[in-house]
Amino acid sequence: MTAAQDLVPLPEDPLTEVAAAVLGDGPRSVLDLLDVARHHGGPPVDVVRASDDLLPRLAHENALSPALLLARQALRPGGLFVAAVPELDKLGRLRPTAPPPKVTGRGGDRQVTVQLWDWSPDGESYALEVVRLVRAEGAWQVANTVSTRHRVLSSEQVSAELAAAGFAAVQRLTPAECGHPLPVWVAVAPA
């Protein structure tokens with residue numbers, strides 16, 4: 001069983017900031033969606049969070065519905081599910097090969113993360129390869145790569161999945177509203 005961590009709002013974690021804004025001041029327990037199965041039967045938590053590409057990856061693996069049910073069961077009544085979800089349904093027609101690279105850090109600590117997308121012919125899913133480059137000995141080196149496959153989820157599909165899992169007050173926040181580069185979904189575990 002995984003212990004839930006205390007929720008401490010950090011500027012670099014917009015999902016945590018959204019949860020803290022909704023729940024108010026005070027320490028909160030938070031659990032990542034990937035940990036809900038190990039937490040099964042543990043004490044209820046205040047927040048279950050899912051980062052950027054997790055819901056589309058779980059959807060591709062036909063594991064989204066069971067994961068959301070477990071998330072709702074892990075939450076206390078009134079607890080929050082908070083997830084960042086890319087909305088690529090409109091891009092499926094265009095099938096771009098990559099978004100702009102993401103650069104973090106400065107000087108010798110600079111890192112570059114590049115995503116490469118390989119779309120299915122129908123535009124309903126894509127293979128995602130993430131390559132992280134770091135500066136070492138004056139040259140760029142590949143620090144790591146991760147490859148996954150994702151299903152494209154529309155806003156309507158995300159909303160329907162959350163409702164089917166038994167969540168209430170499902171809401172989509174735009175990047176301007178939540179400070180995250182992707183839309184963030186907030187859903188409440190009913191009492």
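A salt bridge is taken here as a side-chain nitrogen of Lys or Arg within 4 Å of a carboxyl oxygen of Asp or Glu. The model is predicted, so to speak of local features requires pLDDT of at least 70, side-chain atom pairs count only at pLDDT 80 or more, and totals for chains, interfaces and linings use all residues. Residues are numbered from 1 along each chain as its sequence is written, and side-chain values use heavy atoms, with hydrogens and water left out.

Four salt bridges are found in the structure. One of them joins Arg49 to Asp32, with 3.2 Å between the closest N and O atoms. This pair links distant parts of the chain, 17 residues apart, with Arg49 in strand E3 (residues 45-50) and Asp32 in strand E2; strands (E, at least two residues) are DSSP runs numbered from the N terminus. Arg49 is buried at 17% relative accessible area, whereas Asp32 is partly exposed at 32% (buried means under 20%, exposed over 50%, partly exposed in between, with a 1.4 Å probe and protein chains only).

Another salt bridge pairs Asp46 with Arg76 at 2.6 Å, N to O. Here too distant parts of the chain are linked, Asp46 lying in strand E3 and Arg76 in strand E4 (residues 75-84), 30 residues apart. Asp46 is buried, at 12%, and Arg76 is partly exposed, at 25%.

Arg28, in strand E2 (residues 28-32), makes an interesting case to follow. Arg28 is buried yet has no salt bridge, and the nearest side chain of opposite charge, Asp46, is 4.8 Å away. The Arg28 side chain does reach the backbone oxygen of Leu23, at 2.6 Å.

Terms used
Helix = DSSP H or I, 4+ residues; strand = E, 2+ residues; numbered from the N terminus. Lys, Arg positive; Asp, Glu negative; His and termini not counted. Polar contact = N/O pair within 3.5 Å; in protein donor to acceptor, adjacent residues only side chain to side chain.
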